[in-house]
Amino acid sequence: MVCRPLSVAGRRVLAMETTTGTPGRAARVPGPAKPDSLSPSRAADFMRCPLLYRFRVIDKLPERPSPAAARGTVVHTVLERLFDAPAAERTAPTARALVPGAWERLLAERPELAELFAREDGTVDPERLAPWLAEAEALVERWFELEDPTRLEPAERELYVETVLDSGLTLRGYIDRVDVAPTGDVRIVDYKTGKAPAPQYAAEALFQMKFYALVLRRLRGAVPRRLQLVYLGSGDVLTYDPDETDLHAVERKLLALWEAIRAATRTGDWRPRPTRLCDWCDHRALCPEFGGTPPPYPLETGVV
């Protein structure tokens, strides 16, 4: 069992390189590999589209840099580092001022992101970069309408957690923030830079949080008191108080997902599941639903 902090940029670069390859750096993409663990994002990939899961986890196909994903990393970095300052200095102007530096550090770790705002000659176009930075600053500032960082002292920030279920399945993930009350009650907090989902889709969002709650319960022996999703894009906060029944249900669902993943790995049968999200998929040209042909399956079939 593992529980350790990791910086935002570090965890997101690690996640990209170990599960999907680093966009824009084809030479650094590792070779194909059998699935050996589940994270909330990879579980969501399989539920959304098994073929997408295959492309990301097994084929490790590179994906294009995304302005939205890069902005999310910058915002998460700022919200993590703001707590390094004394409580009285955790103000909106201070947080906004951290945005350019967070972007520069991310760019140093992932130089390929420069292409998001590059002119044809490769130099940065300030007219494209400035509005993007302003959007990140606006998201950071909205957070102050939802939470008061001067009254918060997180127990953990950007926490990497990992545990192995009795079945042998490894669960892992990165928790944005863990708060511990004087009573010992634990709250898991996750920041989202998009908008809150419609009520009928809230269960999908909470699945990620229940996943984290399951892992923390196994690591620390107690069910977290509250799960909290902070949506900076719409200014909403979604909360849920889990119990043991919830976590048992999540564990059963994860085991069923893992069996389905193992079966697909063994047979090579990764069927696409088309949705409206296909319009934004980097791998659409390889999908049979749109006339494409996936690359040859890189693993030996018949074994797991």
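User: Helix 7 and helix 8: how do their axes cross?
Analyst: This is a predicted model, where local features need pLDDT of at least 70, side-chain atom pairs count only at pLDDT 80 or more, and totals for chains, interfaces and linings use all residues. The axes of helix 7 (residues 202-220) and helix 8 (residues 244-267) come within 9 Å and cross at roughly 105°. Axes here are lines fitted to C-alpha atoms, for helices over the stretch in contact, with angles from 0 to 180 degrees between N-to-C directions. Helix 7 is therefore roughly perpendicular to helix 8. For that word the range is 65 to 115 degrees; under 35 is roughly parallel, over 145 roughly antiparallel, and the rest oblique.

User: Which residues make the contact?
Analyst: Helix 7 brings Phe207, Lys210, Phe211, Ala213, Leu214 and Arg217. Among those from helix 8 are Leu247, His248, Val250, Glu251 and Leu254. Contact means heavy atoms within 4.5 Å. Residues are numbered from 1 along each chain as its sequence is written, and side-chain values use heavy atoms, with hydrogens and water left out.

User: And by class?
Analyst: The contact of helix 7 with helix 8 has 8 nonpolar, 1 polar and 6 charged residues. Nonpolar covers Ala, Val, Leu, Ile, Met, Phe, Trp, Tyr, Cys and Pro; charged covers Asp, Glu, Lys and Arg; the others, Gly among them, are polar.

User: Zooming out, how many helices and strands are there?
Analyst: The protein has 8 helices and 6 strands. Both are DSSP runs numbered from the N terminus: helices are H or I with at least four residues, strands are E with at least two. Along the sequence the pattern reads β-α-α-α-α-α-α-β-β-β-α-β-β-α.

User: What share of the protein is buried?
Analyst: Of its 304 residues, 45% count as buried. Buried is under 20% relative accessible area, exposed is over 50%, and partly exposed is in between (1.4 Å probe, protein chains only).

User: Why is helix 3 called largely enclosed?
Analyst: Because 9 of the 9 residues of helix 3 (residues 50-58) are buried. They include Arg54 and Arg56, along with Leu51, Tyr53 and Phe55.

User: What follows helix 3?
Analyst: Lys60, with a positive phi near 55°.

User: Now Asp45. Buried or exposed?
Analyst: Asp45 is buried, with a relative accessible area of 2%. Asp45 lies in helix 2 (residues 40-48). Setting aside neighbours within four places in sequence, Asp45 contacts Pro50, Leu52, Tyr53 and Arg56.

User: Where does Arg90 lie?
Analyst: In the loop between helix 4 (67-81) and helix 5 (92-109). Arg90 is buried too, at 3% relative accessible area.

User: What does the side chain of Arg90 reach?
Analyst: The backbone oxygen of Leu152, at 2.7 Å.

User: Cysteines next. How many disulfides?
Analyst: The count is 0. A disulfide is a pair of cysteine sulfur atoms within 2.5 Å.

User: What about Cys281?
Analyst: Cys281 is in no disulfide, and the nearest cysteine sulfur, in Cys278, is 6.6 Å away. Cys281 is partly exposed, at 26% relative accessibility.

Technical notes: Polar contact = N/O pair within 3.5 Å; in protein donor to acceptor, adjacent residues only side chain to side chain.
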